[in-house]
Amino acid sequence: MDNTNNAESFRAFFIDNVSKFCDKCGTAYKPDNIDIVSESNASVIIQAQCDNCKGIYMAHVIKPLQMTKKIPIRLDIVPAMLHPYYLLGPISSDELLALRKKLTKVKTHEDLLELIGKQKKNLKSKG
Ligand SMILES: [Zn+2]
């Protein structure tokens with residue numbers, strides 16, 4: 001199945017069956033406000049962000065399209081950025097400690113840029 005059409009159908013499903021309006025301020029959702037965070041064979045996680053108040057809600061939908069519940073969620077990350085982080089999976093304490101060790105060695109702007117460059121390469125090889 002075409003992924004774009006799939007996402008479109010989930011957006012329509014969210015508006016038609018889960019929620020037409022923001023629970024916080026009542027603003028109507030537009031298809032652009034709705035993102036698919038992840039999809040498996042069994043379920044879909046859909047995220048909606050209100051244009052007006054920026055309130056974020058998530059819905060976990062069990063296939064074939066029977067929703068469970070819409071829940072409010074506080075996030076400081078925009079939907080487009082959430083997806084790549086979601087794909088990376090949970091961060092381990094080893095990863096955090098390794099990064100901390102590297103950060104303590106950063107003394108200059110150049111050091112930081114070099115470290116970020118290395119991190120990007122690592123992410124690419126991981127995915
Ligand atoms: Zn709102």
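Modeller: Let's start with the contacts of the whole chain. Among contacts in the protein between residues at least 6 apart in sequence, 37% join residues at least 24 apart; two residues are in contact here if their C-beta atoms, placed from the backbone, lie within 7 Å. Bear in mind that this is a predicted model, where local features need pLDDT of at least 70, side-chain atom pairs count only at pLDDT 80 or more, and totals for chains, interfaces and linings use all residues. Residues are numbered from 1 along each chain as its sequence is written.

The protein has four helices and four strands, running α-β-β-β-β-α-α-α from the N terminus on. Helices (H or I, at least four residues) and strands (E, at least two) are DSSP runs, numbered from the N terminus. Of the 127 residues, 13% count as buried. Buried means 20 or more other C-beta atoms within 10 Å of a residue's own, exposed means 12 or fewer, and partly exposed is in between, with C-beta atoms placed from the backbone.

Now for the core. A nonpolar core is a set of buried Ala, Val, Leu, Ile, Met, Phe, Trp, Tyr and Cys residues joined through C-beta atoms within 7 Å. The largest one here has 13 residues, and F14, I34, I46, A48 and A59 have the most contacts inside it. At least two residues each come from α1 (3-18), β2 (43-49) and β3 (56-62), with β3 giving the most, four. Take I46: leaving out residues up to four places away in sequence, I46 touches F10, F14, I34, I36, V37, M58, A59 and V61. In soluble globular proteins, nonpolar side chains tend to be buried together.

Next, the strands. β1 (residues 34-39) pairs with β2 in the antiparallel sense over five bridges; strands pair if DSSP finds at least two bridges between them. A hairpin through three residues joins β1 to β2, and D35 stands opposite Q47 in β2. On to β3: β2 and β3 also pair in the antiparallel sense, over seven bridges, and A48 stands opposite Y57 in β3. These two strands form a hairpin with six residues between them, and K54 in the turn has a positive phi of about 65°.

Finally, follow the chain past β3. P64 lies in the loop between β3 and β4 (66-73). P64 counts as exposed because it has 5 C-beta neighbours inside 10 Å.
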